[in-house]
Amino acid sequence: MSLANCLLPFSQSGTTPSSSTCSCHLAASFSNFPVSSRDLSASRNESLVLNGGGSNLCRKFCGLKLWILKSLNLKQGSHRKHQPVNELKTRSEHTFLSDERGFTEETKAADLRPEENILGIDLSDGYHKVGDLPPLSKQVLEGISDVQRGASLCIAVVGATGELARMKIFPALFALYYSGYLPEDVAIFGFSRKNLTDEDLRSIIASTLTCRVDHQENCGDKIAVFLSRTYYINGGYNNNREGMSRLAERMKQIEGESKANRIFYLSVPQEALVDVACTIGDKAQAPRGWTRIIVEKPFGFNSHSSHLLTKSILSKFEERQIYRIDHMLGRNLIENLTVLRFSNLVFEPVWNRTYIRNVQVIVSESIAQTEKYSDGYGIIRDIVHSHILQTIALLAMEPPISLDGEDIRNEKVKVLRSIRKLDPRDVILGQYKSSSQEKNGVVLNGVDPTYCAAALYIDNARWDGVPFLVRVGTGLIKHRVEIRVQFRHVPGNLYRENIGINIDLGTNELILRGEPDEAILVKVNNKVPGLGLQLDASELNLLYKDRYSTHEVPDSYEHLIHDVIDGDNHLFMRSDEVAAAWNILSPVLEEIDKHHTAPELYEFGGRGPVGAYYLWAKHGVPWADD
């Protein structure tokens, strides 16, 4: 059977060639080589040709060039012109990896003459018909089948036995794997101080892996393959450097000679972050590909500690390698902000102080959704510093020159630097209390606030005088994540008498709801059908579950890890953004630490501190209904 017969018909699956299609040894070698749909491209004869992920194999072919030439009895001029076959091209290991290089750099085969293709076959006439190649010799086929392949991407989860890793990170990695967003040859590593084996780690995470409703086919097989590519490294208790050296050595063994890239997810306590990150920088960076590290929030305790943390990490990594992750920024609501603003003409002209009266950002967690915030950090450091300020930055920024991550970050940091330092008089802190009858046993959490309401102002030409009201809390009556953009009253409104005494009820609003039931709502005034003139404030409703057929929305961790792999960093805070955010919050944090400010208590399952209502009234903003 000829090599050309190993090309897959276009109608077949683009992921794994079947043994029936490629029965020869060479084809088997291809079928065992993992590729995703993006690694295949269609030629004009409707065959799929391997386009990426095969650079290691191609390198071996170049090394066996003379051997193959001797083994092939190719008669020049015997080819009948049919469809042109382009020379096999190689890219970096997978198309989604950002640092692609050409074939010459990857294979070191610059000395090949133009007429010598990867297989050493003269196709200088530019044409070749499927089936024209003579069979390869058994010796050649055996040589090809012995080609070693290594992992093109290694992902290490440091702190692999923690709850975050078990419940969020590993399930997100598996979801990306079975959806085709990770290479088939990916290697997943768990790293912690517990004395476990590969099988122990696989048993721990197996129960947390599930397939979504629309990915149920062969779910068990996919889980088994994923687990087989998961390995465990015992970091030990005494010396991080020795453990990291063992991890690096294991990665090297599995990568082989491939130009592999590495991602390290640091799911570790803040006090261990600097040591772990610096050890990775010294001992475990990828020798040939890129290295990226993912750092969990909060990013320091205050401005000073954050500066020291940033300085330490930047001593081992470049800024472009660091991804500071906040899972709340992985929501579709956040990703949709720039789409709504910059792809719709109706919004951008009115997106300024002339038309917008106020903006409210609300993150309200009900009793069922209540989470414990990082010990000693509270809701301001854990939620407001990253999620809330990043949301405001995306809402208020000027149009970037492109969708490149750095261009978007450049505009975000301008907004953060323009936000007025938060006045302690414009902040209401609260903490839930629970009765002894509360079944879930929630208790007071020291003096750490569980609720924060604040009024922020952006001192620039677009937003001067527009209050940005923030309301973030847990243990409340209703679960809600939404952004409300309230517009100004219509000047000289002809229908004022028909609206009623409370003119605020007739104010236009744009509501971007993330939870529950993701939706985009536009509040408008319209006439009620019938005789007479009666106005009604109605909502134009785009409810996602009714409009789109997606059964399950990808988890935010899945979204953000995918961005890390792609090198898209626009939803991750840069060092200057982190510093600017701390600068906004420093007056309030210093006030709390200096005077030991006690939060206002509110009932667990209630509406929050009463002081928040007065804060809204102080800034002339109507309270959004709970």
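1. Contact between helices H12 and H13. In this predicted model, helix H12 meets helix H13 through Ile334, Leu337, Thr338 and Arg341 on the H12 side. The H13 side contributes His387, Thr391, Leu394, Leu395 and Ala396. By class, this contact of H12 with H13 holds five nonpolar, three polar and one charged residues.

2. Geometry of H12 and H13. Two packed helices are described by the angle between their axes and the distance between the axes. For H12 (residues 332-343) and H13 (residues 378-396), the axes come within 9 Å and cross at roughly 10 degrees. H12 is therefore roughly parallel to H13, since an angle under 35 degrees counts as roughly parallel. The crossing of H12 and H13 is right-handed.

3. Geometry of H10 and H11. Helix H10 (residues 270-283) and helix H11 (residues 303-314) pack with their axes 9 Å apart, at an angle of about 20 degrees. H10 and H11 are therefore roughly parallel to each other. Their crossing is left-handed, whereas that of H12 and H13 is right-handed.

4. Contact between H10 and H11. Which residues make the contact between these two helices? From H10 come Gln270, Leu273, Val274, Ala277 and Cys278, and from H11 come Leu309, Ser312 and Ile313. These residues of the contact of H10 with H11 divide into six nonpolar, two polar and no charged.

5. The six-stranded sheet. An open sheet is built from six strands in the order E6-E5-E4-E7-E8-E9, and the pairing is parallel. Strand E6 (230-234) and strand E9 (322-325) stand at the edges. Each of these two has a single partner strand, so one side of each is left without a neighbour in the sheet. From one strand to the next, the twist averages 20 degrees.

6. Burial of strand E12. Is strand E12 (residues 451-457) largely enclosed or largely open? Seven of its seven residues are buried, so E12 is largely enclosed by the rest of the structure. In a regular strand the side chains alternate between the two faces of the sheet. In E12 both faces are covered: Tyr451, Ala453, Ala455 and Tyr457 are buried on one side, and Cys452, Ala454 and Leu456 are buried on the other.

7. The partners of E12. Strand E11 (residues 427-433) is joined to E12 by four bridges and runs antiparallel to E12. Gly430 has Tyr451 as its bridge partner in E12. Strand E13 (residues 467-476) is joined to E12 by seven bridges, and this pair also runs antiparallel. Here Ala453 stands opposite Arg471 in E13. Tyr451 and Ala453 both belong to the buried residues on one side of E12.

8. The protein as a whole. The elements discussed above belong to a protein with 19 helices and 18 strands. Of its 626 residues, 53% count as buried. Among contacts between residues at least 6 apart in sequence, 75% join residues at least 24 apart.

How values were computed: Residues numbered from 1 in each chain as written. Predicted model: local features only at pLDDT ≥ 70, side-chain atom pairs only at ≥ 80, totals over all residues. Heavy atoms only, no water. Axes fitted to C-alpha atoms, helices over the stretch in contact; angles between N-to-C directions. Parallel < 35°, antiparallel > 145°, perpendicular 65-115°, else oblique. Left-handed = near helix turned anticlockwise from the far one by under 90°. Contact = heavy atoms within 4.5 Å. Nonpolar A, V, L, I, M, F, W, Y, C, P; charged D, E, K, R; others polar. Pairing = 2+ DSSP bridges. Buried < 20%, exposed > 50% of the residue type's maximum accessible area, 1.4 Å probe, protein only.
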